[in-house]
Structure formats: structure tokens, C-alpha cells
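Here is a short briefing to read alongside the coordinates.

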Amino acid sequence: MESSLGQPNFISVLFFVIFVVLTLGITYWAAKKTKTSSEFYAAGRSITGFQNGLALSGDFMSAASFLGISGMVALKGYDGIIYAVGWLVGWPALMFLLAEPLRNLGKYTFADVLAFRLKQKPIRIVASIGGILVTITYSIAQIVGSGKLINLMFGLPYELAVVIVGGVMLMYVLFGGMIATTWVQIIKACLLLFGVTLLVILSLAQFGFSLENLFSEVETKFGRTALEPGGFAASPIDSISLGLALMFGLLGLPHILMRFYTVPDAKEARKSVAYATTFIGYFYIIIPIVGFAAAVLIGREQIAGIDKGGNMAAALLAELLGGTPFLGFIAAVAFATILAVVAGLTLAAASTISHDLYFNVFTEGKATEKEQVSVAKKATVVFSVVSILLGILFKDQNVAFMVGLAFAIAASGNFPALILSILWKNFSTLGGVFSILIGSVSATLFIIFSPTVWVDVFKFDQAIFPLKNPAIVSMSLAFLSAFIFSKLFPDENATARFESEKVRVYLGIGAE
């Protein structure tokens, strides 16, 4: 099959332009409503549970999910599904463990929850480090995906493509804040669910609408191993580590946690997770079908020939089944996906810098609304530039894998401190500080020394750290250090405030 990928085609460009014009229109509308810091960070707490559920799924179903997982299933078979299932399993945990406490305790960022009973300055500084590390790694994955996509769709140079994405996303966040970001995410979630559903229907039509026929074709073409575990995560410890990172990493992602501040109360927060889980669950159940269908109908050699990470499997399948118009639509959807997720990440990073560091640490709560929003906007610009530069640097990584690494840092740096601050009475400030530092730093170092970076990127012969995903070790270190430092350096004030925190968590009294 000759693919038109890489040559600019009118229909693809048209879909892109329509989407960008539509979302910039929303940004213009949102900019007029975004005056206060509450509107900039939390959309004035005016989003309903259903809208927030759609926006959460829009924020979460990233290019890594859409392009990365379908490509991974196409090239590696069954093991690509680990990512889909792992990412999904975290949502019920988020609903029952964190959604309500977050909404009742926090204001704009997850560090608000930690700072509720621990000492403000030290905990906010380290929570900011953890948050920014996660948002940066996650952004790299999205931006690499976007650069690849536009590069392959239109034949534009990868570097220029990355700059275009960074520029458009910067406009959403800079002018529209959380209101614009939320509506961009809602539109993108609807487009993505529609596009993938259509792709699955067209794919199954080739096999008489029978999954059995599809899987027997996969077995005939690639052997039984394509439908069995072991093609990608051969070691059981690596698989468990990856599963832990994907499940608990969700509970430490700043841009996801931040969405709970956009709803009016805890009931709507719970509702939004229920809706999000439904949409995301549906998406992850059907996305492996796209991967297997692409493997059978296009062939692994051609998919890997166009992009060795497999990230273009879904686009190639769309072109085969629906011609250039459908390819244009799917490409525009993938582009929308990336913009919406990167906008959410940028907003999370900006709020960490301006709300946690500038407002609470540097000015000790004395900055005006105007100053806070101004710092947030400057932080947005800096974060965007850094993301673009790193996106250019990490050109050849599989995007789903990059996100797996961001999840490992979130699971190790942010999640242990967050859950212990809510549940453990004797959790102390130093316990929190060292838990976040040791979790984040160890996860990052283990990733650098792992086979993925040390061998694949730096081309050394042997990795210093044996596991591809470090969560099982770095998470354990984070919990252990939280326990040891809380016992060695107890914090009487934090213990005394535990009861009032409990009342607020479960009854919502005093929540904004």
C-alpha cells in the first residue's frame, strides 16, 4: 500500500485549520471571562461533574494512548495492552482514595493538600519539584508525538512541527486559562471517542464484525506469541513495576489532580471520576483492536518502516480504510489530543510555580490576584519553551514509553506523600519532604540508568539499573523514607491538625 503520509494534503490541512480556529475562538471567549486567579487556575469552580468527566478523559487520553498503544499492540502484540489496562485501573483508586479529600482540602494544586497540616514552605518547595518533574517528562512525550505526527502528515520538518504545537498550546493557556483548557479538552474527548469508534467499526467490518476472525488472522500471520504475554515486558518484576507506575502514577499527576478544583463540591468531584472512568474505559477496551487490525491489514514491516516506534499505525489504518479524508480527520484528532493534554500540563506547571512557589513561599501569601496571574503567565511561557527544546532533543522515543516514565515519577514522588498526608496521623513535615525528594530523584536517576536511556539513548553496553521501569523500587523507597523520617522527626503540629483535617475531608466543612 502506498501511503500519502508525508505529503501535505488539502483535507488534512483543512481539518487542522478548522480545529485550531474553533479552539482559538473558545480561547477568545474564555479570555474575556478569565480575570481572577480562581478563574485562571480552576475555571471559577463552575464546571459540572459531567463536563469535568469529559475534560478529565480529554486530559488523560493522550497521544501516547491513541498513537502509542495502538502502535505498541501492532508491533509487539498482546503486551501493548498492559499499558491500556494499567492506566485504566488507577481511576477507581482515584475515585475512592483521592477525589473527595482533594476537592475538600485543596484550592488550586495538590501541594495545598500536603500544606494543610504540614509546614508550608518546605513541603510546597519539594512538592513543586515533584510536580514540575512529572509535567516536564509527560510534556516531552506529547510534544514528540505531535512533532512526529505533523512531520509525517505534512512533510514539515520535525523541529518546525514541534514549535507550531508549542505556539498554539501557549495561546490557549496564556489567554484562556483553565476555562479555555477545559473546553478544548471536552471537544477533543468527543472527537477522539468518535474517531476511534469509527476506526474500530471500519476495522471489524474487514473481519465480518468478529473478533474471533481478527485474532485468528493475527495468529496465522504472526504466530500464537502475538496473542500471549512476553513480547515486550519479558521479566515479571518489570511488568509488576510498570503496572504499579501506571496505576498509582495517575494518583500523582498534577494536571489530573488539578481538575478536581474546577467543580463546585466533592459530590461533583466523585461524579466526574465516574464519568471519566466510563469514557476512558471504553476507549482503552477498543484501542487494542486498532493495533491488531493495523498489524494484519498493513503489516508490521510497513508500520515500523514509516516510524520505528510504531506511532503511525492508527493513521495508516485510517488511510487504508477511509482514504485521505479519514486520514486527515484522524490526524487532526491526534493533533487535538496533543494540544489538549499539553495545555493541561502547562497550566499545572504554571499554577505550581505561581501559586505554590511565588504566592505561598516567596511572598508568603501577600501577592495580589493580578500579580499571581501575571507570574502564572510568565511561567507558562518558560515552561512552553523548555518543553519545545526537550521535545526536539528526545526525537526518537516511543511516546507511550515516555509517558510510562512520567507515571513512574508521579507514583514515587507525589502519590506516597499525598496519600499519607490524608490517612496517616503521625505523618510529619520532614517525612513528607524526604518522601517526595527520595521518590522523585530515585525514580529519575533509575530511569536515566535503566536500559531504556543508558543503553538505547546513550549507547552504553550495559545498564547500571536493571529494570526498564523503576516504580517498584522508587515507590518503596518513598514510603520507607516517609515512615523513617516521620518517626525520627515527629511533627506535633501536624499530628494535632489531623482531626480538623479529617472533618474537612469527610464533611467538606470549610472547603472553598
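At roughly what angle do the axes of helix H1 and helix H8 cross? In this predicted model, the axes of H1 (residues 10–33) and H8 (residues 158–205) cross at roughly 125 degrees and come within 8 Å.

**The H1 and H8 pairing**
- The crossing of H1 past H8 is right-handed.
- On the H1 side, the residues that meet H8 include Phe19, Leu22, Ile26, Trp29 and Lys33.
- Among their partners in H8 are Val168, Tyr172, Phe175, Ile179, Trp183 and Leu191.
- Sorted by class, this contact has 18 nonpolar, three polar and one charged residues.

**Around Gln51**
- Gln51 sits in helix H3, which covers residues 49–60.
- Setting aside neighbours within four places in sequence, Gln51 touches Ser46, Trp183 and Ile186.
- Gln51 and Gln185 lie 134 residues apart in sequence, yet their C-alpha atoms are 9.7 Å apart in space.

**The nonpolar core**
- The largest nonpolar core holds 170 residues, and Phe60, Phe66 and Trp91 have the most contacts inside it.
- Helix H14 (residues 313–362) gives the most to this core, with 27 residues.
- Beyond its neighbours within four places in sequence, Phe66 is in contact with Leu192, Val196, Phe283, Ile287, Ala314, Ile330 and Ala334.

Technical notes. Residues are numbered from 1 along each chain as its sequence is written. This is a predicted model: local features need pLDDT of at least 70, side-chain atom pairs count only at pLDDT 80 or more; totals for chains, interfaces and linings use all residues. Side-chain values use heavy atoms; hydrogens and water are left out. Axes are lines fitted to C-alpha atoms, for helices over the stretch in contact, and angles run from 0 to 180 degrees between N-to-C directions. Helices (H or I, at least four residues) and strands (E, at least two) are DSSP runs, numbered from the N terminus. A crossing is left-handed if the near helix is turned anticlockwise from the far one by less than a right angle, and right-handed if clockwise. Contact means heavy atoms within 4.5 Å. Ala, Val, Leu, Ile, Met, Phe, Trp, Tyr, Cys and Pro count as nonpolar, Asp, Glu, Lys and Arg as charged, and the others, Gly among them, as polar. A nonpolar core is a set of buried Ala, Val, Leu, Ile, Met, Phe, Trp, Tyr and Cys residues joined through side-chain atoms within 4.5 Å. Buried means under 20% relative accessible area, exposed over 50%, partly exposed in between (1.4 Å probe, protein chains only).
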